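Hi everyone, thanks for coming. Please take a look at the sequence and the structure, and then we'll walk through a few places together.

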Amino acid sequence: MQNEYPVEGRFSNPKLSALYGRQNVFVLVGQICAWALLLLAVDAASWWPAKVALVLIFCTVMQGVFSLMHECFHSNAHPNPKVNYAIGFTASLFFGTAFTSHLVNHWGHHIRNRTPAEQGEFIHEGESAAGKIALYYFAVCGGLWLSSLLMPLICFFLPYRTVEWLSKQARYNTYSAAFRQFKARDWSRMRLETVALVLFWISVIRFMPVQTTTLVVCYAAFVFSWSSLQWIYHLHTPLHLTEGAYNLRLPAPMRWLFLNFNCNLTHHRQSHLPWQELYKATDVRETQPLWYRWLLLFRWPIPFPKDLSILEKRYF
């Protein structure tokens with residue numbers, strides 16, 4: 001099993017690299033300001049349709065926060081590695097996870113995409129159908145985010161040597177498999193980031209002039225939206241490490257807030273490309289609408305198909 005995750009961010013044009021780096025610093029500042037202003041606006045709004053609209057905007061902005069973290073996973077956020085890490089670390093505090101935990105998990109995704117560990121829509125021989133269906137709906141309805149929060153909190157109290165035990169379910173569970181990618185230094189850094197995460201959220205709850213119920217409602221909506229949007233790019237796609245993904249269409253304003261994360265197949269094909277270049281590298285004729293894939297997500301898992309031709313891509 002591969003234990004290293006690549007370092008990317010390879011730019012042929014240093015000036016362009018510096019420009020993208022500056023842009024991403026401004027994007028992070030803008031996202032933090034939007035995070036605070038939207039929470040305050042939701043808290044102050046008395047008309048419930050306005051609250052709902054503001055919560056939906058909050059969810060979309062937070063998708064972009066994850067997208068910026070994702071740029072940092074691939075060393076694409078800034079040409080300076082320390083600044084790249086600082087951007088990812090800061091974004092992860094607002095997202096609600098330890099940056100290194102998600103970094104290792106994400107590189108594991110690139111290693112395991114569409115392998116049995118990442119075939120959540122299929123029930124394999126020997127798996128409990130009821131258990132797989134329950135786990136699937138738990139994951140897409142919020143469990144993916146909850147796992148990203150709880151994993152570093154729990155692992156803070158566990159020694160590094162427990163990674164072997166934690167990876168016992170690696171065959172059909174990508175999160176279990178991810179523990180095999182952790183190195184001792186990752187474990188130590190994740191623990192330090194977990195301390196920072198806890199202190200950050202204690203400060204938010206204690207000092208931010210927003211009701212706790214507002215935080216809970218906004219983050220509950222985000223947890224559902226983010227978790228449900230993670231697998232739509234890959235479910236029912238060809239069982240191919242790279243081609244097992246879709247590019248999905250979004251209205252331009254949403255695509256900008258997503259930082260072009262909807263161009264997921266292009267990212268898998270060229271993971272060194274920064275988000276600023278993903279859309280122009282994507283053939284928009286080879287897409288599906290994002291809303292359509294999102295609705296398909298809620299079909300329950302089925303037995304692993306004998307005829308894999310049903311997984312061939314369709315564009316419309």
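Let's begin with a definition: helices (H or I, at least four residues) and strands (E, at least two) are DSSP runs, numbered from the N terminus. This is a predicted model, in which local features need pLDDT of at least 70 and side-chain atom pairs count only at pLDDT 80 or more, while totals for chains, interfaces and linings use all residues. Residues are numbered from 1 along each chain as its sequence is written, and side-chain values use heavy atoms, with hydrogens and water left out.

Now, where is S75? You'll find S75 in the loop between α2 and α3. S75 comes after α2 and has a positive phi, near 55°. Why point that out? Most residues other than glycine have a negative phi. S75 is a residue other than glycine, yet its phi is positive.

N260 is another residue to look at: its phi is near 60°, a positive value, and N260 is not a glycine either. N260 belongs to the loop between α10 (252–257) and α11 (264–269). Is N260 buried or exposed? N260 counts as buried because its relative accessibility is 4%.

The expected span of a helix is 1.5 Å times one less than its number of residues. With 26 residues, α2 reaches 37 Å from its first C-alpha to its last, close to the expected 38 Å. For α3 (residues 81–95), the 15 residues should span 21 Å, and the end C-alpha atoms are 21 Å apart, so the two values agree.

At the start of α3, a side-chain oxygen of N80 comes to within 2.9 Å of the backbone nitrogen of K82. At the other end, α3 is followed by G96, with a positive phi near 110°. Which residues of α3 are buried? They are N84, I87, G88, A91, S92, L93, F94 and F95.

V27 lies in helix α1. Contact means heavy atoms within 4.5 Å. Leaving aside neighbours within four places in sequence, V27 is in contact with L68, L259 and W275.

On to charges. A salt bridge is a side-chain nitrogen of Lys or Arg within 4 Å of a carboxyl oxygen of Asp or Glu. How many salt bridges does a search of the whole structure find? It finds 6. One of them joins R114 and E121, at 2.7 Å from N to O, and both R114 and E121 are buried. E127 and K132 form another, with their closest N and O atoms 3.1 Å apart, and these two residues are buried as well.

Then there is R285 with D283, where the closest N and O atoms are 3.0 Å apart. R285 counts as exposed because its relative accessibility is 69%, while D283, at 27%, is partly exposed. Finally, E243, R269 and K313 are linked in a network of salt bridges.

Rings of Phe, Tyr and Trp (its six-membered ring) pair if their centres lie within 6.5 Å; planes under 30 degrees apart count as stacked, over 60 as edge-to-face and the rest as tilted. By this rule there are 31 aromatic pairs. Among them is the edge-to-face pair of F58 and Y219, 5.5 Å centre to centre with 70° between the planes. This pair links distant parts of the chain, with F58 in helix α2 and Y219 in helix α9, 161 residues apart. Both F58 and Y219 are buried.

Y246 and Y315 have ring centres 6.1 Å apart and planes at 85°, so this pair is edge-to-face. Y246 counts as buried at 3% relative accessibility, whereas Y315 is partly exposed at 32%.

And here K313 returns. A charge sits over a ring if NZ of Lys or CZ of Arg is within 6 Å of the ring centre and within 35 degrees of the ring normal. The charged end of K313 sits over the ring of Y246, 5.8 Å from its centre. Likewise, the charged end of R255 sits over the ring of Y279, 3.5 Å from the centre.

Conventions: Buried means under 20% relative accessible area, exposed over 50%, partly exposed in between (1.4 Å probe, protein chains only). A polar contact is a pair of N or O atoms within 3.5 Å; within protein, one must be able to donate a hydrogen and the other to accept it, and residues adjacent in sequence count only if both atoms are side-chain atoms.
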